[in-house]
Amino acid sequence: METVKYIWMNGELVKWEEAKVHVLTHTLHYGLGVFEGIRCYNTPKGPAVFRCREHMNRLINSAHITRMEVEYTAEELRAATFETIKANNLKSCYIRPILFYGYGSMGVYPKENPIEAVIACWPWGAYLGEEGMAKGIRCCTSSFTRHHVNIAMTKAKVCGNYVNSQLAKIEAIENGFDEALMLDVDGTVSEGTGENLFIVRNGVLKTPPLSGVLEGITRDCVITLAEEIGVKVVESNITRDELYIADEVFLCGTAAEITPVREVDHRQIGPGKPGPITQEIQKRFFAVVKGEDQSHEEWLDFVE
């Protein structure tokens, strides 16, 4: 990790190396905290945070879902994000806001502990690698099932939910793949360990419905961009074997951006390289977030 000078903690900037918590911090032991992943891009008009308000609103919604009583508003956290980017003199970066239960008491019940708020940012390149972004990645179907809505709140980005993702990711990497794809409790395709999923079949773009996946902000952008280039978008269940015979598959998310998939479970997808619809959506997405295409400048929150 490439470090920077400051991290925002509970209303003030502290030096990176001094941004610490106690080893008995409640969330460290029990996992109830909520977070976001956000990117800031360097544009001709200066640094711009990708859909900052939407991310911060989702963070506050995650806290609301999990009964966390947060003293900051989404707008205050947005302002703190800008403050942190400017203090570190960053033009582009990854941003990690997190709300968690701090040090105070032990036991499963968390609400006797203070809620801590942190925003960190640092330079971070392609999440799944520059080569994967250009040529596509290799995925496997995980042996771990994705969360059910009555087991974990799937609309909230909860820290503890990502144990499921980590187990799947470890399995994928140790078996020689780049990423894992996870099935839901009914055996249909859900999402990656940290990404939404799309497939193309016969010119139609399909993605799993929001009933069982995180309401991805990049996912929303993909649907908009696809419709603008005349591609029909359908939300429907996708079976594992339908992945194998898809013409194109790609993953999307703030960290992953738009990452093509060239292989699933040792089966080549389409021609084994990014397909034309994936390439066009990827091209348009990067043009927008880097400020080269101003058709969706509302997605850019310029650092003031």
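Residues are numbered from 1 along each chain as its sequence is written, and side-chain values use heavy atoms, with hydrogens and water left out. Because the model is predicted, local features need pLDDT of at least 70 and side-chain atom pairs count only at pLDDT 80 or more, whereas totals for chains, interfaces and linings use all residues.

The structure contains zero disulfides, a disulfide being a pair of cysteine sulfur atoms within 2.5 Å. The cysteine sulfur closest to that of C121 belongs to C93 and lies 4.5 Å away, too far for a bond. For C159, the closest cysteine sulfur is that of C121, at 18 Å, again too far for a bond. C121 is buried, with a relative accessible area of 1%; buried means under 20% relative accessible area, exposed over 50%, and partly exposed in between (1.4 Å probe, protein chains only).

The model has 20 salt bridges, each defined as a side-chain nitrogen of Lys or Arg within 4 Å of a carboxyl oxygen of Asp or Glu. One of them joins E75 and R53, with an N to O distance of 3.5 Å. E75 lies in helix α3 (residues 74-87) and R53 in helix α2 (residues 52-65), so this pair ties together parts that are 22 residues apart in sequence. Helices (H or I, at least four residues) and strands (E, at least two) are DSSP runs, numbered from the N terminus. Both residues are partly exposed, E75 at 39% and R53 at 42%.

A salt bridge also links R201 and E242 (3.4 Å, N to O). R201 is in strand β11 (residues 196-201) and E242 in helix α7 (residues 240-244), 41 residues apart. R201 is partly exposed at 28%, whereas E242 is buried at 11%. Salt bridges with shared partners join R53, E75, R78, D301 and E304 into one network.

T207, in strand β12 (residues 204-207), is buried, with a relative accessible area of 1%. A polar atom of the T207 side chain lies 2.7 Å from the backbone oxygen of L197. Beyond neighbours within four places in sequence, T207 is in contact (heavy atoms within 4.5 Å) with residues including L197, F198, R219 and V234.

On the surface, V23, L24, L28, Y30, Y103, M106 and V108 form a nonpolar patch with about 730 Å² of accessible area together. Patches are made of residues with over 30% relative accessible area and no salt bridge, like charges being joined within 9 Å and nonpolar side chains (Val, Leu, Ile, Met, Phe, Trp, Tyr) within 5 Å. Accessible areas come from the Shrake-Rupley method with a 1.4 Å probe; for residues, only the protein chains shown count as cover. Within this patch, L28 belongs to helix α1 (residues 26-30) and is exposed at 60% relative accessibility.

Methods:
Polar contact = N/O pair within 3.5 Å; in protein donor to acceptor, adjacent residues only side chain to side chain.
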